[in-house]
Amino acid sequence: MTNEQAVALVKAALHEISPAKAAELETLGLDTRIRDAGIDSVAAMEMVGVIEERLEVTFPDEDLAQLNRFSDIVDLITSVAH
Amino acid sequence: MSNQQEVEVSYDVGNEFFRLWLDEKMNYTCGNWDGVDTLEAAQVAKLEWHARAANVGPGKRLLDIGCGWGANLEYQTRVKGCTDAVGITLSRSQCEEVNRRNLPGVAAKVCDYRDFRPDFKFDSVISICMMEHIATPEEVREGKHIGLYRDFFRRIHGWTNPGASFGLQTILRNRVPRIKEDLEDIGFVTYKIFPGGLSLRLEDIIKAVNPYWEITEVYTRREDYEKTCAEWLARLRKHEGTIRAQWGDVVFDDYDRYLRTCVRGFHMHYQSLAQYVLRRID
Ligand SMILES: C[S@@+](CC[C@H](N)C(=O)[O-])C[C@H]1O[C@@H](n2cnc3c(N)ncnc32)[C@H](O)[C@@H]1O
């Protein structure tokens, strides 16, 4: 999976849980901290769940507590999905 | 790190409130249920486990970090013959209760472990479910937690004599829930019941102990904690009327939700519990 595809997947997942925030992300950029975009830890894990379902993978639990920026989710996707 | 105000949200609801649903000695942590069938016996078995882990006995100086209401200090002095024990807690109500028990050879004080400056060195250390207060969820997200845990182990190394033993117990985070309701319940427990803290992952401890402590034994007790919480919940519900009348509906409803969440959390592998025997690297 290319970086662009991973980014698209993050945006799609965010759109699924919160369309308004997905629009905001377009202006904020991927380096924004997930929290700062108004996504709490519950919503962030929901996003992760959506991405896992689409990719049919399970991310390592130990990586999930350290998701800080949207770009961390992109990195996680590219590390498991080839 | 939970500050004193946050710690008191967790432990200063009222000593009489916790007395209603904890065991008689007020252990607020997982018991060891091997071969026993009451909460009281499971808590004694847990304290006996830590006595062995920390090599407690006459002539050995003991430090209990995060001593709660004093159940462990009481056991190690009255039953295991320790004559010199120090307990620290950040909760003023807990400290009052320890002092009320008038335990021979025990000095308890309200003190943050980061400010603790003992006058002498210890041979035995026990810390039962205190490390959960060291790193905030935010610090964990930013990757600062291992350094904070390592600093905790470094300090204790400095407070102990060569050959010291350390009985450690921590709640573990294991699987991360993907179910929205479970995430919300766990978020409620993390932010409302135990603000400022987060349970650890097993690998955090493995990474943080070096170069200060050697792990010689590790046991996990996920099912024991499920059982302990189920017993606390049953006792809480038995006193529903009293609790609602004296502490209000919010307190009862919050604690009911918190304990229900824990029972499910251990059942679903979201959480587990670990007990470790550590030896000082001299
Ligand atoms: C879950 S309670 C466990 C109490 C006791 N060990 C038991 O088994 O019942 C956690 C304890 O850690 C203490 N604590 C939290 N942060 C602390 C800190 N920074 N310094 C010292 N004690 C702290 C709390 O005051 C509380 O007594």
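This is a short tour of the contact between two chains and of the ligand site in a predicted model.

**Stop 1: the interface**

Select chain A and chain B together. Here 17 residues of chain A are in contact with 18 residues of chain B. The two chains bury about 1500 Å² between them, and 52% of that area is on carbon and sulfur atoms.

**Stop 2: charged and polar pairs**

Now show the side chains at the interface. The rule finds 6 salt bridges across the interface of chain A and chain B. For an example, select A:Arg33 and B:Glu138: they form a salt bridge, with 3.3 Å between the closest N and O atoms.

**Stop 3: the side of chain A that touches chain B**

Select residues 41-55 of chain A, which are α3, and residues 61-64, which are α4; these are the elements that give two or more residues to this side. The largest share, 6 residues, comes from α3(A). Sorted by class, this side of chain A has 6 nonpolar, 5 polar and 6 charged residues.

**Stop 4: the ligand**

Select the ligand and the residues around it. It is surrounded by 20 residues, and the closest are B:Met1, B:Tyr28, B:Thr29, B:Gly66 and B:Gln94. By class, this shell has 11 nonpolar, 8 polar and 1 charged residues.

Which atoms of B:Thr29, B:Leu90 and B:Gln94 lie by an oxygen atom of the ligand? For B:Thr29 it is a polar side-chain atom, at 2.7 Å. For B:Leu90 it is a backbone N or O atom, at 3.1 Å. For B:Gln94 it is an N or O atom in the side chain, at 2.6 Å.

Finally, show the ligand surface. Taken alone, the ligand exposes 600 Å², of which the protein buries 97%.

Technical notes:
Residues are numbered from 1 along each chain as its sequence is written. Chains are lettered from A and ligands numbered from 1 in the order in which they are written. This is a predicted model: local features need pLDDT of at least 70, side-chain atom pairs count only at pLDDT 80 or more; totals for chains, interfaces and linings use all residues. Side-chain values use heavy atoms; hydrogens and water are left out. Contact means heavy atoms within 4.5 Å. Buried area is the accessible area (1.4 Å probe) that two parts lose on being put together, summed over both. A salt bridge is a side-chain nitrogen of Lys or Arg within 4 Å of a carboxyl oxygen of Asp or Glu. Helices (H or I, at least four residues) and strands (E, at least two) are DSSP runs, numbered from the N terminus. Ala, Val, Leu, Ile, Met, Phe, Trp, Tyr, Cys and Pro count as nonpolar, Asp, Glu, Lys and Arg as charged, and the others, Gly among them, as polar. A residue is near a molecule or strand if one of its heavy atoms lies within 4 Å of it. A polar contact is a pair of N or O atoms within 3.5 Å; within protein, one must be able to donate a hydrogen and the other to accept it, and residues adjacent in sequence count only if both atoms are side-chain atoms. Accessible areas come from the Shrake-Rupley method with a 1.4 Å probe; for residues, only the protein chains shown count as cover.
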